[in-house]
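Visitor: I have just opened this structure and would like to learn how to read it. Could you take me through its features one at a time?

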Amino acid sequence: MYIAAIDQGTTSTRCMIFDHSGRPIAKAQREHTQIYPQPGWVEHDPLEIWTRTQEVVREAITTAGLTAAELAAVGITNQRETTVVWDKRTGQPLHHAIVWQDTRTDKICAELAAEGGRDRFRAQTGLPLATYFSGPKMRWLLDNVPAVREAAEAGHALFGNMDSWLIWNLTGGADGGIHVTDVTNASRTLLMDLQTLQWDEGICAAVGVPLALLPRIASSSEIYGYTQDGGPFGGRIPLSGDLGDQQAATVGQACFEVGEAKNTYGTGCFMILNTGGEIIQSKHGLLTTVAYQLGGEPAVYALEGSIAITGALVQWVRDNLGLIENAADIEPLAQQVADNGGIYFVPAFSGLYAPYWRDDARGAIVGLTRYITKAHLARAVLEATAFQTREVLDAMNADSGVALKALKVDGGMVYNELLMQFQADVLGVAVIRPLVSETTALGAAYAAGLAVGFWQNTAEMRDNWGVGQTWHPDPASNAPTKLFAQWQKAVTRTFDWIEEEG
């Protein structure tokens, strides 16, 4: 028997199939369209994502040579905070999904912050008021899209992150689909109370999101429903795992002990530190979130540092500037020079996330001279990811009071040797890539398999984890001192670029 995992990410959707040892036996992946209606706005077509999901599921099952009867369960992990609303009678989206990077809710967040400040809801939710989160996106859709407002008033609209959209479709859609989310996704809406793990009625009312539109909140590991005979899996399989992508990677990295941390390098970069059953309110610009809840066990909490643009910057260099043909080309281009030539690229395309939370910031390249080549720019692009991670790690050390000895890493960028070595240098700690670096999908598989007894406990999952490669910091490097100080100076140049109207 095997476990299937759907990983619905910001730029693509994957299906992976794992055996009991946590090793992948098949994988299929397809990109979907990035829609930019105007500066600062980012959207996805939910129907395209549903189509891509069906395609990769069928392809992975065919590649593995399996039937539905050989799959013990299905897990889902997803880009968090990306918000979709659809008509439950027809299954048709009522608007494009608003992506987590989108900044159109800045005025809504400012209005909500007028009473109580940016941390108005932090005590309950662990989050600041920011354009990042789902709740204000839901409010924007209700305020600005007549079809959404009308469907909501008539009782036909359903809201959710991408996990809810996919689970609803996989379990029957308009013909009995299950409207559910898990605690990790719900904790990213700005609407869930971290203590009760339920929607906070007062916050929902203040933000302007009716409770009737929201999915039921469940644990990250339980049977929510079953896939349909006519669906992409071709049979009834328990759908029993649901985690936001960064929390899924935390489970996939087996960070089950207090003080263990991982960093995922994807479209953005996300570091999560397990804080156990304790809800720690950050004093250094981090988020307090749910790491996971496995069935009837108590929820496990975490501190998270969220960086908006890392891998997306490489994609931007490829697609918008045309300096490279493939994302992998960034490393050999950067290796043509020994250093960044004095330039720093601060990719505040959607403002700055942790630890600054500056919606008014925008991207900047500083330190330009005639000496600079495209190779220096490529190196500055990679270094930006490492510097942003250092800022988050410093905040995490300050909040937790515990200095990390090593950092577990995963995601697409961890195969970039230049980046990983520079990351170790700028952090001053070892950087460790696991044998199976597809930890996001693996975490969803673990949650699903645990719910049906495929894995008995987290100890089995930990036994599956193994070291793939380790990078040790160069003690002679000036990356953690001089270069990092210059980076911090560059960051300040991005502040206050967007001014409030009036």
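Guide: Let us begin with a term: two strands count as paired if DSSP finds at least two bridges between them. With that in hand, and remembering that this is a predicted model, we can turn to β16 and β18, which run antiparallel and are joined by 7 bridges.

Visitor: Which strand pairs with β18 over 5 bridges, and in which sense?

Guide: That strand is β17, and β17 and β18 (residues 300–307) pair in the antiparallel sense.

Visitor: How many strands form the open sheet, and in what order?

Guide: The open sheet has 7 strands in the order β17-β18-β16-β15-β21-β22-β23, with mixed pairing. Its edge strands are β17 (287–292) and β23 (467–471), each of which pairs on one side only. From one strand to the next, the twist averages 30 degrees.

Visitor: Which helices pack on the sheet?

Guide: Helix α9 (residues 245–252) packs on the sheet and touches β15 (261–265), β16 (269–276), β17, β18 and β21 (406–410), while its direction makes about 125 degrees with that of β15. Helix α13 (residues 417–427) also packs on the sheet, where it touches β15, β21, β22 (430–434) and β23, and the direction of α13 makes about 60 degrees with that of β23.

Visitor: Is β18 mostly covered or mostly open?

Guide: For this step you need a cut-off, since a residue is called buried when its relative accessible area is under 20%. By that reading β18 is mostly covered, with 8 of its 8 residues buried. Both faces are covered, with V300, A302, E304 and S306 buried on one side and Y301, L303, G305 and I307 buried on the other.

Visitor: How should I read the charged side chains, and how many salt bridges does a search of the whole structure find?

Guide: The general idea is that side chains of opposite charge can pair when their charged atoms come close. In this structure, the search finds 25 salt bridges. One of them joins the side chains of K27 and E438, at 3.0 Å from N to O. Because K27 lies in strand β3 (residues 24–31) and E438 in the loop between β22 and α14 (439–451), the pair ties together parts that are 411 residues apart in sequence. K27 is partly exposed at 38% relative accessibility, whereas E438 is buried, with a relative accessible area of 19%.

Visitor: Which residue forms a salt bridge with R30?

Guide: The residue is E59, and the closest N and O atoms of the two are 3.1 Å apart. This pair links distant parts of the chain, with E59 in helix α1 (residues 46–64) and R30 in strand β3, 29 residues apart. E59 is partly exposed at 32% relative accessible area, and R30 counts as partly exposed at 34%. Salt bridges that share partners join R30, E48, R52, E55 and E59 into one network.

Visitor: Are D102 and R104 buried or exposed?

Guide: Both D102 and R104 are buried, and their side chains meet in a salt bridge of 2.9 Å, N to O.

Visitor: Which residues form a nonpolar patch on the surface?

Guide: The patch is formed by I223, Y226 and V452, which together have about 220 Å² of accessible area. I223 lies in strand β13 (residues 221–226) and is partly exposed, with a relative accessible area of 38%.

Terms used: Residues are numbered from 1 along each chain as its sequence is written. This is a predicted model: local features need pLDDT of at least 70, side-chain atom pairs count only at pLDDT 80 or more; totals for chains, interfaces and linings use all residues. Side-chain values use heavy atoms; hydrogens and water are left out. Helices (H or I, at least four residues) and strands (E, at least two) are DSSP runs, numbered from the N terminus. Axes are lines fitted to C-alpha atoms, for helices over the stretch in contact, and angles run from 0 to 180 degrees between N-to-C directions. Contact means heavy atoms within 4.5 Å. Patches are made of residues with over 30% relative accessible area and no salt bridge: like charges are joined within 9 Å, nonpolar side chains (Val, Leu, Ile, Met, Phe, Trp, Tyr) within 5 Å. Accessible areas come from the Shrake-Rupley method with a 1.4 Å probe; for residues, only the protein chains shown count as cover. A salt bridge is a side-chain nitrogen of Lys or Arg within 4 Å of a carboxyl oxygen of Asp or Glu. Buried means under 20% relative accessible area, exposed over 50%, partly exposed in between (1.4 Å probe, protein chains only).
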